[in-house]
Amino acid sequence: MNMPFRPLTALPAKSHFPPTICTFDVAASYVEHGGDGRYLPKIVEHLGTRGANHHLPVRCEETGARSLSDPATRHSKSMHHHPGASRVLPCLRARLGASATSQEPERRNPKRKKAASQAWLHAFVRQCAKDGLHHLAALVLFMSQTGARISEAIELRWNEVDLINRTALLLKTKTGRNSTRFLTDQMISRLYALQDGMKPDDRVFRYRNRHSVNERIGAVCRRADIVYKPTHTCGRHAFANIALSMGVDVKSAMDAGGWKSTAVFLGTYANPRNAGRVVAERLNVYQYDADLLIGANSCRMMTERFQAVGPSPFTHPAIQKDKGNQ
């Protein structure tokens, strides 16, 4: 057993990611292959110069959440990939192979919020009338009837409201675009009462901060002995659910409230109450037994009518004789 043995040496650890590829290489390859480089400077600045093997999906998720401040892309944070991950990870797959896959952590679906119902809004408006908070009542009704966000509603000025054509122009919404909302008759009557002595550039509802609005809503809810609903729940959520419960189709409700994503609208805002009972009541409109009886009665009524009028002229013996001669 005098066999020479070689000393055992530790083998270098294998890495699926080549250490020479850094963030700049990934970004350059992404742009070279037709990618959009609009957000890459902020992404590269946030990720730094480390190798691409350090850019795990969670870090790319943080990149999309922190480094990007474009209002038009903020809504994509609620989707599967954030803006940073959606631009860096595809290039990682192309440059580094299939091993650079996006293994995102498990996400829990957020708890559905119970939107304010019409009964809740009625009780809230009545309490505001008792307390003399007419601007607060008008603000909540405006959000629940137009789908406006609280940030958009408190920034509304009188020169952006057209009481003749019953419209309100929301400037620079969350998506970075102006949006026209149509007002109801009761909303117009309330705005007429609030317009006395106001200047064109004054705020319509006078409030400047969303937190003060929520505090006021909480106080009114306590006095009215109703459940507290924050501005988004009694505003935009209420608009979506009330519109759907009144039979408005999904596309019309989305356009009226300024939604762009069907997944966000149906997955976050639409929360119908008693859906099974509503469908059953709609199905009750068609009664199969009643339809059969109506059909029998129709046939009997038609027969009696023909008998009262007399035989059809086409069955007259003279006409039948002419047909036979032809």
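## A walk through the helices, rings and loops

Helices (H or I, at least four residues) and strands (E, at least two) are DSSP runs, numbered from the N terminus.

A word on the model before we go on. It is a predicted one, in which local features need pLDDT of at least 70 and side-chain atom pairs count only at pLDDT 80 or more, while totals for chains, interfaces and linings use all residues. Residues are numbered from 1 along each chain as its sequence is written, and side-chain values use heavy atoms, with hydrogens and water left out.

Now to the aromatic rings. A search of the whole structure finds 5 aromatic pairs. Rings of Phe, Tyr and Trp (its six-membered ring) pair if their centres lie within 6.5 Å; planes under 30 degrees apart count as stacked, over 60 as edge-to-face and the rest as tilted. Trp120 and Phe124 form a stacked pair, 5.2 Å centre to centre with 10° between the planes. What separates these two along the chain? They are 4 residues apart in helix α5 (residues 118-131), about one helical turn. Trp120 counts as buried at 8% relative accessibility, and Phe124 is buried at 0%. Buried means under 20% relative accessible area, exposed over 50% and partly exposed in between (1.4 Å probe, protein chains only).

Trp259 and Phe265 pair in another way, edge-to-face, at 4.9 Å centre to centre and 70° between the planes. Both Trp259 and Phe265 are buried. Ring pairs also join these residues into a cluster made of Phe239, Trp259, Phe265 and Tyr269. Look next at Arg236, which lies over the face of Trp259 at 3.9 Å from the ring centre. Arg236 lies over the face of Tyr269 as well, at 5.7 Å from the ring centre. For a charge to sit over a ring, NZ of Lys or CZ of Arg must be within 6 Å of the ring centre and within 35 degrees of the ring normal.

Thr262 lies in helix α12 (residues 262-269) and is partly exposed, at 41% relative accessibility. Thr262 and Val250 are 12 residues apart in sequence, and their C-alpha atoms are 8.5 Å apart in space. Back in helix α5, you will find Val125, buried at 13% relative accessibility.

What about the cysteines? A disulfide is a pair of cysteine sulfur atoms within 2.5 Å, and by this rule the count comes to 0 disulfides. Cys128 is in no disulfide, and its nearest cysteine sulfur, that of Cys221, is 8.4 Å away. Cys128 is buried, at 0% relative accessibility. Cys221 is in no disulfide either; the nearest cysteine sulfur to it belongs to Cys234, 7.6 Å away. Cys221 is buried too, with a relative accessible area of 1%.

We finish in the loops. Most residues other than glycine have a negative phi. Arg166, however, has a positive phi of about 60° although it is not a glycine. Arg166 sits in the loop between β1 (161-162) and β2 (167-170) and is partly exposed at 39% relative accessibility. Asp225 also has a positive phi, near 60°. Its place is the loop between α9 (210-224) and α10, where Asp225 is exposed with a relative accessible area of 70%. Lys199 lies in the loop between α8 (185-194) and α9 and is exposed, at 55%. Lys199 and Arg157 are 42 residues apart in sequence, yet 9.0 Å apart in space, C-alpha to C-alpha.
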